[in-house]
2 protein chains.
Amino acid sequence: MLRGAPSRPPSVAAPHPGTANCSVDWHTQPLDHFSFTETRTFEQRVFSYGGYWRRPNAGSAAGPILFYCGNEASVELYVNATGWMWEHAEELGALLVFAEHRYYGETQPLGGSSATNASTLRWLTLEQALADYATLIHRLKLSLGAPDAKVVAIGGSYGGMLAAWLRMHYPSAVDAALAASAPVLAFDGLRRGGRGKASPLFDGNAFWRVVTRDASPAAGAHADCIPAVRATWEAIDSATGSAAGRAELSSVFRLCEPLREGASPSDAEGGAGARLKALLLNVFDTLAMGNFPYASNYLVFQQTRDPTVLLPAWPMRAACAHFAGAVTSDAPSLLRRMAAAAGVLYNASGKARCYALPRSALDGGDGIWDWQYCTQRLPQETYFNLTGGRDMFWRFNKSAATIATHCTRRFPGVVQRPGWIAATSAFSSAGSASHIIFSNGEYDPWRSGGVLRNLSSTLVAIEVPQGAHHLDLMFSNADDPEPVRAARRAELALVREWVAQPLPRVAHTSD
Amino acid sequence: MLRGAPSRPPSVAAPHPGTANCSVDWHTQPLDHFSFTETRTFEQRVFSYGGYWRRPNAGSAAGPILFYCGNEASVELYVNATGWMWEHAEELGALLVFAEHRYYGETQPLGGSSATNASTLRWLTLEQALADYATLIHRLKLSLGAPDAKVVAIGGSYGGMLAAWLRMHYPSAVDAALAASAPVLAFDGLRRGGRGKASPLFDGNAFWRVVTRDASPAAGAHADCIPAVRATWEAIDSATGSAAGRAELSSVFRLCEPLREGASPSDAEGGAGARLKALLLNVFDTLAMGNFPYASNYLVFQQTRDPTVLLPAWPMRAACAHFAGAVTSDAPSLLRRMAAAAGVLYNASGKARCYALPRSALDGGDGIWDWQYCTQRLPQETYFNLTGGRDMFWRFNKSAATIATHCTRRFPGVVQRPGWIAATSAFSSAGSASHIIFSNGEYDPWRSGGVLRNLSSTLVAIEVPQGAHHLDLMFSNADDPEPVRAARRAELALVREWVAQPLPRVAHTSD
């Protein structure tokens with residue numbers, strides 16, 4: 001770290017600094033931090049930029065380390081998107097470090113076979129990832145000659161959960177955390193904002209209620225959107241009942257393979273209609289998370305791998321605009337409008353030839369994340385109930401038993417621990433941690449599992465009005481609403497205060 | 001818990017309440033909390049007493065749970081010795097829970113073969129033990145209908161380390177901790193009382209310097225003790241060089257097997273003289289830890305299994321008394337005096353026929369603890385250097401390489417992680433945890449690795465003047481020095497304050 005090839009200073013010519021400015025290092029990690037009989041290791045990829053770092057010397061303490069906790073994608077995505085770190089590094093005199101999460105990107109513990117099955121995925125747990133980060137931080141500080149450097153863990157979404165939990169579980173390794181859009185309370189048995197009975201238990205349907213609100217005039221969307229979307233599901237259900245209807249749906253929704261007769265549309269694991277509706281549910285889900293005020297590739301890059309493919313500004317409004325003037329009794333029109341709305345996401349490139357159905361209406365189809373859901377219940381919104389009443393979707397009750405059956409089928413013989421997070425990692429009270437910022441965007445459906453109220457003077461909830469999924473971590477943009485800028489300033493002020501607190505330096509007296 | 005056989009109220013007829021008053025329950029635990037492919041479970045033994053507990057009801061919050069973190073012996077030892085919990089339960093309205101540590105006592109994950117070798121010991125780690133405790137606490141609170149009950153983790157020695165680490169790593173499961181005589185800083189790379197350069201790195205020899213001080217007039221021992229003890233080692237070295245000398249040593253020290261010619265006396269792993277000296281080193285070690293003001297079975301019960309066998313009051317003074325008037329040039333007299341001093345420990349019963357040499361001069365011979373040392377470096381004083389200068393022993397440098405070689409030989413193929421605790425579990429600064437009491441006795445050699453100075457207003461160091469190894473946790477005794485009573489009162493005041501703090505009960509507002 002910082003001793004390999006010199007990293008380039010951020011170029012003013014490029015739109016934003018990112019991976020091109022960084023050094024890349026590979027750090028050896030144990031495959032299993034919690035076993036002493038497993039001797040295998042792997043290499044973890046770490047990006048860093050030290051051009052702004054205030055190195056330690058006799059006269060002054062080292063600047064802080066801003067440590068991005070990589071989440072469920074190539075860490076390059078986060079290096080290139082986390083403007084908060086790049087834009088505040090100089091003022092803080094900070095070293096920037098971005099660590100890749102095991103099993104994602106190029107950090108594959110067992111190489112190309114890492115994701116084969118349970119026997120290869122078994123070291124993919126949040127505890128292993130946290131231990132990777134804690135030990136990496138320790139070694140970095142020693143190798144940099146800065147054992148006393150303050151460390152701020154930073155992350156968005158699952159990365160924000162990791163940042164918060166890194167501070168919770170390894171408070172000696174990390175001094176503070178900025179956890180953006182981190183649904184740390186999105187677990188059965190957890191209560192929002194305290195463990196008293198006054199707080200309700202987590203309810204996954206709240207996620208879909210935020211999505212629904214994003215499609216309402218309160219979030220700038222057309223007033224016809226919600227009624228029309230709600231009416232569409234019955235039109236789909238009706239059409240799936242006949243061969244002609246299925247052919248029509250296959251055509252209107254540009255499906256790569258025609259819909260086939262299958263289980264009933266409400267069948268949890270499949271059924272032609274259920275999977276089509278899951279495909280469409282994902283549109284509103286993604287556009288809600290990505291409901292940014294400017295065109296952005298952030299939520300489509302993992303699929304397109306083309307940085308020039310963008311979602312439009314306020315994409316939920318763009319999708320909803322297709323329902324303007326819709327008549328809820330006109331089924332053919334509803335289907336065409338819905339297909340157009342789906343195109344906002346699936347045809348963002350303008351070049352999509354067809355859309356592929358997910359394999360299941362439950363798991364969301366995003367690969368190894370289902371392992372993280374089925375084992376530890378890390379939040380996956382496709383498992384959250386739909387009511388059709390309080391949200392704009394259809395009634396789809398996903399019981400614990402249904403989910404357990406799905407997970408058993410997907411990963412036979414694997415232990416499921418739905419209660420693990422509630423038992424071990426609950427942000428339940430003032431004493432459950434300190435020095436963490438939880439930021440949540442008004443439009444972000446993951447706020448449903450976020451810490452929305454201060455738990456103490458150093459467990460601070462910051463609201464990001466008009467923000468979607470961790471917009472506050474992204475590079476500043478001319479179209480950012482002023483409340484988003486204000487939230488970023490509030491975050492910076494807290495981080496600046498927390499890293500400036502003096503370390504206790506106790507004079508030694510003899511034994 | 002509390003639903004099985006009713007537990008008996010503590011009897012005023014018995015000298016102290018203990019296991020006879022408790023309910024015993026067995027809780028199913030995963031063999032491996034950090035794996036989802038390991039499906040085996042085991043039963044963990046838990047003692048509890050609920051006669052003083054303030055049960056939750058509409059009008060008042062539940063009383064706290066005082067949770068003893070079992071350490072490296074049968075938990076019955078701690079149930080019967082931890083008077084602090086029994087004596088303060090009524091005032092606190094507390095439920096008493098004593099959990100047995102996996103692999104100790106009757107909590108054997110693999111039954112009788114649990115301790116066979118590395119392949120059976122592999123789930124013996126402090127992380128697994130902490131996860132046992134965190135999940136047990138969660139389930140207890142739910143099953144008792146007291147999800148908001150405050151929990152105070154309590155323990156002495158390794159149990160104190162577990163209590164402190166349980167609060168550090170699982171702050172949502174445990175609200176506070178009383179860590180008595182817990183050498184949480186007794187790890188390479190850790191600094192006492194802060195991570196600034198002003199604090200020295202941990203030095204294991206400090207342990208032996210406290211032992212030496214306990215043999216000095218400053219701790220009430222005879223002034224002839226230290227010079228005579230120091231002179232004895234050369235007498236032993238000299239005698240081991242000849243067959244006649246070895247026969248003499250074997251006789252004087254009542255060895256079960258005669259000393260044989262072997263490696264040089266300074267050989268780390270053995271050698272007749274080295275093992276004899278290790279046998280004697282253990283005398284001063286044990287009498288220092290057990291240097292209580294009254295006769296006690298606490299430190300000999302694990303060996304004798306007879307509660308009537310006691311060490312005398314102030315046993316270090318008793319051992320040192322055998323050196324009163326010693327002439328340091330009179331080798332035969334020194335050997336006889338040393339043998340008499342050894343008898344204070346090894347012949348506490350008055351019925352010992354012979355004394356058995358340890359297998360090695362390094363590992364201390366206490367069974368599976370060596371696994372916990374060799375893997376994670378949980379403190380084992382036999383691995384701490386002797387200088388012969390600043391302590392009263394002989395020069396015995398135990399390098400990291402020597403230790404690694406020993407551990408490789410003992411547990412072939414097993415990973416050693418000497419830096420794990422420093423990276424993950426350092427009480428290094430004010431921010432590294434909160435609401436923990438670290439108490440340390442003046443006479444306890446483990447104070448060398450203890451937190452002796454406040455790290456913050458809620459990371460509080462309490463000194464126990466004239467106390468040895470966690471005397472403060474034991475039942476009150478008429479012979480307790482007043483400063484020991486004062487320390488207990490200070491601990492109670494902090495615990496009372498911390499468990500009384502109101503929980504945040506945030507009113508719910510809709511999404």
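In this predicted model, chain A is divided into two domains. Domain 1 is made of two segments, 19–185 and 427–500, and domain 2 covers 205–410. The centres of the two domains, taken over C-alpha atoms, are separated by 30 Å. The contact between them draws 39 residues from domain 1 of chain A and 29 residues from domain 2 of chain A.

Let me turn to the interface itself. The size of an interface is often given as the accessible area lost when the parts come together. For domain 1 and domain 2 of chain A, the buried area is about 2,800 Å², and carbon and sulfur atoms give 70% of that area. On the domain 1 side, the residues that lose the most area to domain 2 are Tyr443(A), Pro445(A) and Trp446(A). Together these three account for 25% of what that side buries.

Arg213(A) and Glu442(A) form a salt bridge in which the closest N and O atoms are 3.0 Å apart. As for the elements involved, helices H1 (75–81), H3 (118–121), H4 (126–143) and H5 (158–169) of chain A each supply at least two residues of the domain 1 side that touches domain 2. By residue class, that side of domain 1 divides into 23 nonpolar, eight polar and eight charged residues.

In chain B, a salt bridge joins the side chains of Arg213(B) and Glu442(B), at 3.0 Å from N to O. Arg213(B) is in helix H6 (residues 205–214) of chain B, while Glu442(B) is in the loop between strands E7 (436–441) and E8 (459–464), and the pair links parts of the chain 229 residues apart. How accessible are the two partners? Arg213(B) has 30% relative accessibility and so counts as partly exposed. Glu442(B), by contrast, has a relative accessible area of 18% and is therefore buried, the cut-off for that class being under 20%.

A further salt bridge in chain B is formed by Asp370(B) and Arg410(B), whose closest N and O atoms are 2.8 Å apart. Because Asp370(B) lies in helix H13 (residues 369–376) and Arg410(B) in helix H14 (residues 400–410), the pair ties together parts of chain B that are 40 residues apart in sequence. Asp370(B) counts as buried, at 1% relative accessibility, whereas Arg410(B), at 27%, counts as partly exposed. Back in chain A, salt bridges with shared partners join Arg45(A), Glu76(A), Glu100(A) and Glu106(A) into one network.

Over all chains, the count comes to 26 salt bridges. Another of the pairs in chain A is Arg102(A) with Asp132(A), with the closest N and O atoms 2.7 Å apart. Arg102(A) sits in the loop between strand E4 (95–99) and H3, and Asp132(A) in helix H4, so this pair ties together parts of chain A that are 30 residues apart in sequence. Both Arg102(A) and Asp132(A) are buried.

What does the side chain of Arg488(A) meet in a polar contact? The partner is the side chain of Asp480(A), at 3.0 Å. Beyond its neighbours within four places in sequence, Arg488(A) is in contact with residues including Trp84(A), Leu471(A), Met474(A) and Phe475(A).

Within H8, the buried residues are Gly245(A), Arg246(A), Leu249(A), Ser250(A) and Val252(A). Among the elements that cover these buried residues are helices H7 (225–240), H9 (272–289) and H12 (331–346) of chain A. Just after H8, Arg254(A) takes a positive phi of about 55°.

Leu255(A) has its place in the loop between H8 and H9 of chain A. With a relative accessible area of 10%, Leu255(A) is buried. Leaving aside neighbours within four places in sequence, its contacts include Leu249(A) and Ser250(A), which are among the buried residues of H8. Leu276(A), Leu279(A), Cys354(A), Tyr355(A) and Leu357(A) are also in contact with Leu255(A). The C-alpha atoms of Leu255(A) and Glu482(A), residues 227 places apart along the chain, are separated by 41 Å.

How values were computed: Residues numbered from 1 in each chain as written. Chains lettered and ligands numbered in written order. Predicted model: local features only at pLDDT ≥ 70, side-chain atom pairs only at ≥ 80, totals over all residues. Heavy atoms only, no water. Domains from an automatic or database assignment. Contact = heavy atoms within 4.5 Å. Buried area = accessible area lost by both parts, 1.4 Å probe. Salt bridge = Lys/Arg side-chain N within 4 Å of Asp/Glu carboxyl O. Helix = DSSP H or I, 4+ residues; strand = E, 2+ residues; numbered from the N terminus. Nonpolar A, V, L, I, M, F, W, Y, C, P; charged D, E, K, R; others polar. Polar contact = N/O pair within 3.5 Å; in protein donor to acceptor, adjacent residues only side chain to side chain. Buried < 20%, exposed > 50% of the residue type's maximum accessible area, 1.4 Å probe, protein only.
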